[in-house]
Amino acid sequence: MKDLPSPPPEGPAAHPPASPPSNAANARGNTCDATHANHPASCAASCAAPQLAHCELLDQPAAAAPAARPQCDGGAGITIDGCQPFACAVLDGLPEQIAVLDQQGRIVSVNAAWRRFADDNAALSTPIPGHAALGSNYLSGCDAGLAGATTGAADACAGIRAVLDGKLPSFSMEYPCHTAHQQRWYSMTATPLEYDWRGAVVTHRDITERRQSEANLRIAAIAFESPEGMMVTDARGHILQVNKAFCTITGYSRSEIIGQSPKVLNSGRHDAAFYTDMWDAIRRHGSWEGEIWNRRKNGEVYPERLNITAVKERDGSVTNYVASLTDITLSKAASDEIKNLAFYDPLTRLPNRRLLLDRLRQVLASTAATGKYSALMFLDLDNFKTLNDTLGHNIGDQLLQQVAKRLHDCLRHGDTVARLGGDEFVVLAEGMSDHAVGAAAHTETLGNKILASLNLPYQLGAHTVRSSPSIGATLFHNHEQAPDELLMQADIAMYQAKKAGRNALRFFDQKMQDAISARAALESELRGAFEQQQFELYYQIQVDSEQRPTGAEALLRWIQPDGSFISPAKFIPLAEETGMILPIGKWVIETACAQLQLWSQDPRTSKLSLAVNVSARQFRQADFGAQVYAAVQRHEINPSLLKLELTEGILLENISDTVASMTELKAIGVRISLDDFGTGYSSLQYLKQLPLDQLKIDQSFVRDLASDNSDQAIVRTITAMAHSLNLDVIAEGVESADQRQQLAHVGCLHYQGYLFGRPLPLAQFETLWHEYADQAPQLLAG
Ligand SMILES: Nc1nc2c(ncn2[C@@H]2O[C@@H]3COP(=O)(O)O[C@H]4[C@@H](O)[C@H](n5cnc6c(=O)[nH]c(N)nc65)O[C@@H]4COP(=O)(O)O[C@H]3[C@H]2O)c(=O)[nH]1
């Protein structure tokens, strides 16, 4: 023990001086001060000390010992007046250790508890100081402690001395007395003893248990005031205690809530079964944990994480319930937000692709059980891009939001509308009918309802706009179909609706699917074909009105290893879509330039021009001009012999960019021909802006030229227009002499067509060309 000194060695102490009579009454009157009022043992000890007749007494202070008084315990040779064996028995029966000190602080009498403790203590290898044996001087022990500079010892010493000197009515302190293995606490009380002589009664009490309980309570109190709300109820559910966090969360003050039932917090959002399950769990497992909606005092309903634990007696009976609760409004809002982002489109708040696929899987599973047909519809807004580009994204977003709302309003409860992104929406209508035909009819009705709704005008800020959707629908009742496959089918049908003129509904059918599958196969073959150099350029001769060969058009051929041909009409659009046209187109230009170079080396062919087709995607490349220039340079050709054939569609897409690109090409020196002329919407206005060299009359006007008056008028107009713009004109698809004659009649003096020659491999073309060069007049005359 650090705080109290070791007792002095055993032995007779000096006789204490006579007690100062002046302080006696005062000291006695204050024996049970406020501190000790709660410690009856201290009081009893101090009040009973004069009667310690049977207690073990060492001797009597000489100055105060009246000779004739009865002796309680002859063994010690001390007699105390009025000493009663009964009082001694009482003191010996007390658990507190009581010692009587004389004026000098010598222990002159102890009770049984003190004695026992002193004996036990002495037997310890490291005795606890302060529990000295009879005869030793208690204050010397304190002094020894002082030497060790222990604060508690100094306090004890000073306090007891003050009591002995009548300066204090009583003194008490508590001190730790820890051993290596145990933490122990004691209380020490000193009260004055006014008898025949002056002394003090010192009481020691083991207060370890109380200190531990107090410590536990302090810990519990700190734990109770955690950031989590805490509530303790009795077994019947009456609230006994709540902490500050509880008050903050619920809005109730302690005084308002204590004594109430937790039912005041009920939000009304959970049914009776919820609470029954909760209490069942508490009964069975002793606790329940989960999320619950509760109501604050201000009426606001909020989510909280709640844990309720039953506190039980040893016999299992519940004494209390302890609830800890956390307001999860914010974390719930955050997790809801995360959920929203993961499963909902932020713009329209509609389910996104992930959630749609999830629902689709569920519907597929349920169709397996019900056998009913459901429908999946893919919607795309016609001309959305134009609206977005012309009125801005903000207006585009508003349109999407209004479309989302209208779609939602068209559906039955339980159907799903999702936004996949951009202007693509998907409707999933479940359980349409038991039969395919009925389901198709229902789907058509729904589709028409959607068409009608989305066709109504939209008020978007200051703009009133109209929009229409193209809708593709597919029906399903076979749970073995994959969600992605169904989406693809609806998408394909939607494209059919677009092809059919937009603002329409189309159903997916198997033939369409087969075509798509074939296209997918072709696409993979196309990639391989380029790598395996299965492409070749064929050349179709072009002649003038004198039947002189003026040049050729290079036409791409895909010749498969088995010798079969795949038509450009089939693979060029696919190559365009997949982007394969870029390397292919580059190769065509390179090959054409290489050929022009070869022809330039022969004076007979050095004037031959060569036309190549340029696709939209190819032309739109930022470096297309640079590619052409590089090819012209690399092969050292006369650029005016290279003719780039562009279609009307390409040129009119973005007129200012087009003019810039064409000007760049013209600067290189190449010539530009407008292919398939007449099939688009070219106006004179546009044509005037474009740096063109030639118009190529589409073969569709040439085909019926002999019989169709309107075709004749068209060809005449085109030719006149070309001449007015100072452009060459060439007609393609000339198959008969009649056609050629008609063309010549309206002023078209350049021709290309089977009449003069089919597209041919290089060697055959060159043979034909030589024949033309030598015999063209005779051939044509024939
Ligand atoms: N019925 C009939 N047809 C005739 C006659 N004379 C020529 N043709 C065909 O008409 C098409 C003319 O080519 P196009 O209009 O540029 O139309 C071309 C062109 O748009 C595209 N194409 C061909 N080669 C290339 C190429 O290298 N690059 C690009 N981007 N497209 C190409 O594929 C289209 C089809 O090419 P082809 O099948 O070779 O078909 C060629 C040609 O064989 C005739 O008297 N009667």
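1. Angles run from 0 to 180 degrees between N-to-C directions, with axes fitted to C-alpha atoms, for helices over the stretch in contact; contact means heavy atoms within 4.5 Å. Helices (H or I, at least four residues) and strands (E, at least two) are DSSP runs, numbered from the N terminus.

2. Please keep in mind that this is a predicted model: local features need pLDDT of at least 70, side-chain atom pairs count only at pLDDT 80 or more, and totals for chains, interfaces and linings use all residues. Residues are numbered from 1 along each chain as its sequence is written, and side-chain values use heavy atoms, leaving out hydrogens and water.

3. Helix α15 (residues 436–455) also packs on the sheet, where it touches β14, β16, β19 and β20. The direction of α15 makes about 165° with that of β19.

4. The open sheet itself has five strands in the order β15-β16-β14-β19-β20, with mixed pairing; two strands pair if DSSP finds at least two bridges between them. Because β15 (416–421) and β20 (505–507) stand at the edges with a single partner strand each, one side of each has no neighbour in the sheet. On average, neighbouring strands are turned by 25° against each other, direction ignored.
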